[in-house]
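Please look through the structure shown below together with the briefing that follows, taking one topic at a time. The points are grouped so that each can be checked against the structure as you read.

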Amino acid sequence: MLEFDQAQAQLADAAPAPSSSRTETVALAELPGRVLAVDLQATLDLPPADNSAMDGYAIRHADFRPGVRLPIQQRVYAGDMPQPLAPGQATRLFTGSLVPDGADTIVIQEDTREADGHVEILREPTRGEFVRKRGEDTHAGRPLLPAGTLLQAAHVALLASQGLAQAPVYPRLKIGVLTTGDELVPPGAERQPQQIYNSNAGMLGALVQGMGAELRHALHARDNEADLIDALRTLATDCDLVISVGGVSVGERDLVKPAIAALGGDLALWKVRMKPGKPVALANILGKPLVCLPGNPVSSYAVFLLLVTPMLRRMQGRSEIYPPVGRAILRTDRPLQDSREEFVRVQARPLPDGGAELVPYGNQGSHVVSSLPWATGLARLPAGVPVHDGAVVPYYDLRHWLA
């Protein structure tokens, strides 16, 4: 069987990175969740001029003497242009107000007493105190954001602070999802006793969109080769990446492989040393990558999270392909051991020392869908080694691995 790390790397390496010639310019409000396509440099200094970090008074530090009362030359609000500060005087400022030429120090209002148009300074200030210096945030011409950045609200704030109303990004990745099987019916439809509702389609659609990709199609094909060929052709034509669920084993009704062959594709079926999710397949049809996931919903979820998301991030053009893997204490009332690496659904619970402990869900069956909304992540347990209570194990946090 293929080792987990090897399978993860091979899938990611099979993903085509986006072309630098295919970009689109998007307005600030539409940037969250998009991937920056070019390196950006700062276009101006921030702050663009010295300004006050607090409400107070701008003075020349050399004018301070214990008990001195300085006449207030001007009151300046944020957005006003101050006059140059005359020697021996003070300018009343508010947070964000420009510091007048000639001033070098801000005395906060809590350390002053104002009366009769004068201000008395009650505590000796430090020279340069509470002055936000021009360019202390960013300097024009210096790197601002690198290509491959997944843009979020903080990046939008930075771009807006530079006066940028838009930015070049890669096109949103288009994903197609294919579920298979005569036993599946869509939620809301009438179900016969021998049938189950199709949970994989909705789940994978939500996972894809949660990754910032576009769900272009979610198709279902019955267990016949013609339906599968038609569905795969549509998905490969309209999408950048196709994800199918089920139908790639060696049973009589597992017809995905011959359907792929009929479209000129060559499917590599792997057995990955992981639980859940041993069967995983990769193919290329009509020039598009196709990943085939196992049919059980928990297995499909785990394989998408662990093996498909790095591939998807590379295709999106992100610079970070593999999110961080944490480590935490596992709690278990019995030793855990399997011949494959096991990814156990767990809930992370905070500890007083700032760490976390991982509590497994009671039923780890690959059909137990109720474990998915309960879990906060997956704990990785080594193959062939008993893992006891208190062991520190790798932890794949859903907040990072599904973003």
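**Lead points**

Glutamate 24 is partly exposed, with a relative accessible area of 32%, and its place is in strand S1. The model described here is a predicted one. In this model the C-alpha atoms of glutamate 24 and valine 169 are separated by 5.5 Å, although the two residues are 145 residues apart along the chain.

**Domains and distances**

- The protein is divided into domain 1 (4-18 + 172-316), domain 2 (24-43 + 142-170), domain 3 (51-132) and domain 4 (326-402).
- Taken over C-alpha atoms, the centres of domain 2 and domain 3 are separated by 37 Å.
- Serine 21 is found in the loop between H1 and strand S1 (24-27), and serine 21 is exposed, with a relative accessible area of 64%.
- From serine 21 to leucine 159 the separation is 138 residues in sequence and 22 Å in space, C-alpha to C-alpha.
- Alanine 226 lies in helix H4 (residues 225-238) and is partly exposed, with a relative accessible area of 48%.
- Between alanine 226 and phenylalanine 343 there are 36 Å in space, C-alpha to C-alpha, and the two are 117 residues apart in sequence.

**The cavity**

- A search of the whole structure finds one cavity of 30 Å³ or more, and about 60 Å³ of space lies in the largest cavity.
- The residues that line the largest cavity are Gly33, Arg34, Val35, Tyr170, Pro171, Arg172, Leu173, Gly212 and Gln316.
- When the residues of this lining are divided by type, four are nonpolar, three are polar and two are charged.
- Domain 1 (4-18 + 172-316) and domain 2 (24-43 + 142-170) each contribute at least three residues to the lining of the largest cavity.

**Aromatic pairs and charges over rings**

- How many aromatic pairs are there in the model? The count comes to five aromatic pairs.
- One of them is formed by phenylalanine 4 and phenylalanine 343, a tilted pair with 4.8 Å centre to centre and 50 degrees between the planes.
- This pair links distant parts of the chain, with phenylalanine 4 in helix H1 (residues 4-13) and phenylalanine 343 in strand S23 (residues 341-350), 339 residues apart.
- Phenylalanine 4 counts as buried because its relative accessible area is 0%, and phenylalanine 343 also counts as buried, at 1% relative accessibility.
- Tyrosine 77 and phenylalanine 94 form a stacked aromatic pair, with 4.7 Å centre to centre and 5 degrees between the planes.
- Tyrosine 77 is in the loop between strand S5 (69-76) and strand S6 (90-93), while phenylalanine 94 is in the loop between S6 and strand S7 (105-108), so that the pair links distant parts of the chain, 17 residues apart.
- Is tyrosine 77 buried or partly exposed? Tyrosine 77 counts as partly exposed, at 45% relative accessibility, whereas phenylalanine 94 is buried, with a relative accessible area of 17%.
- One aromatic cluster is formed by Phe4, Phe343, Tyr396 and Trp401.
- The ring of tryptophan 401 has the charged end of arginine 313 sitting over it, 5.7 Å from the ring centre.
- Arginine 92 lies over the face of tyrosine 57, at 4.8 Å from the ring centre.

**Backbone details**

- Most residues other than glycine have a negative phi, and most peptide bonds are trans.
- Leucine 46 and proline 47 are joined by a cis peptide bond, with omega about -10 degrees, and proline 47 is found in the loop between strand S2 (40-41) and strand S3 (51-52).
- The peptide bond from lysine 275 to proline 276 is also cis, with omega near 0 degrees, and the place of proline 276 is in the loop between strand S19 (274-275) and strand S20 (279-285).
- Phenylalanine 130, a residue other than glycine, has a positive phi near 60 degrees; phenylalanine 130 lies in the loop between strand S9 (118-121) and strand S10 (131-132) and is partly exposed, with a relative accessible area of 27%.
- Leucine 286 has a positive phi near 50 degrees, lies in the loop between S20 and strand S21 (288-293), and is partly exposed, with a relative accessible area of 47%.

Note on methods. Residues are numbered from 1 along each chain as its sequence is written. This is a predicted model: local features need pLDDT of at least 70, side-chain atom pairs count only at pLDDT 80 or more; totals for chains, interfaces and linings use all residues. Side-chain values use heavy atoms; hydrogens and water are left out. On a 1 Å grid over the protein atoms alone, a cavity is a set of points where a 1.4 Å probe fits but cannot get out, and a pocket is an open set with protein on both sides within 12 Å along at least five of seven lines; lining residues have an atom within 4 Å of a point. Grid points are joined across faces, edges and corners, and a volume is the space filled by probe spheres set on the points. Ala, Val, Leu, Ile, Met, Phe, Trp, Tyr, Cys and Pro count as nonpolar, Asp, Glu, Lys and Arg as charged, and the others, Gly among them, as polar. Domain bounds come from an automatic or database domain assignment. Rings of Phe, Tyr and Trp (its six-membered ring) pair if their centres lie within 6.5 Å; planes under 30 degrees apart count as stacked, over 60 as edge-to-face and the rest as tilted. Helices (H or I, at least four residues) and strands (E, at least two) are DSSP runs, numbered from the N terminus. Buried means under 20% relative accessible area, exposed over 50%, partly exposed in between (1.4 Å probe, protein chains only). A charge sits over a ring if NZ of Lys or CZ of Arg is within 6 Å of the ring centre and within 35 degrees of the ring normal.
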